[in-house]
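Q: Could you walk me through how to read this fold, from its elements to its surface?

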Amino acid sequence: MGRDLSDVRFLTVAEVADMMRVSTMTVYRMVHAGELPAIRFGRSFRIPESAVVTAIETPIADVG
């Protein structure tokens with residue numbers, strides 16, 4: 001059935017940018033590109049902490 005959301009921690013774009021050591025604009029780009037899942041609350045986004053951890057731990061493919 002549904003997941004228990006009491007264990008899910010949501011982060012703001014600024015918190016994610018700080019964790020990833022990138023600008024907030026980079027986080028917005030990742031959200032809009034579908035690289036980071038996010039939930040929209042009004043005019044702001046919240047990103048599940050687990051998605052940020054996964055993004056940080058996933059190696060970047062070598063292009064070129």
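A: Start with the elements: helices (H or I, at least four residues) and strands (E, at least two) are DSSP runs, numbered from the N terminus. Here the protein chain has 3 helices and 3 strands, in the order β-α-α-β-β-α from the N terminus. This is a predicted model, where local features need pLDDT of at least 70, side-chain atom pairs count only at pLDDT 80 or more, and totals for chains, interfaces and linings use all residues. Residues are numbered from 1 along each chain as its sequence is written, and side-chain values use heavy atoms, leaving out hydrogens and water.

Q: In what order do the strands form the open sheet?

A: Two strands pair if DSSP finds at least two bridges between them. In this sheet the order is E1-E3-E2, with antiparallel pairing. Strand E1 (10-11) and E2 are the edges: each has a single partner strand, so one side of each lacks a neighbour in the sheet. E1 pairs with strand E3 (residues 44-48) over 2 bridges, and Phe10 sits opposite Pro48 in E3.

Q: Is Phe41 buried, exposed or partly exposed?

A: Buried means under 20% relative accessible area, exposed over 50%, and partly exposed in between (1.4 Å probe, protein chains only). Phe41 has 47% relative accessibility, so it counts as partly exposed. Phe41 belongs to strand E2 (residues 39-41).

Q: And how much of the protein chain counts as buried?

A: Of its 64 residues, 22% count as buried.
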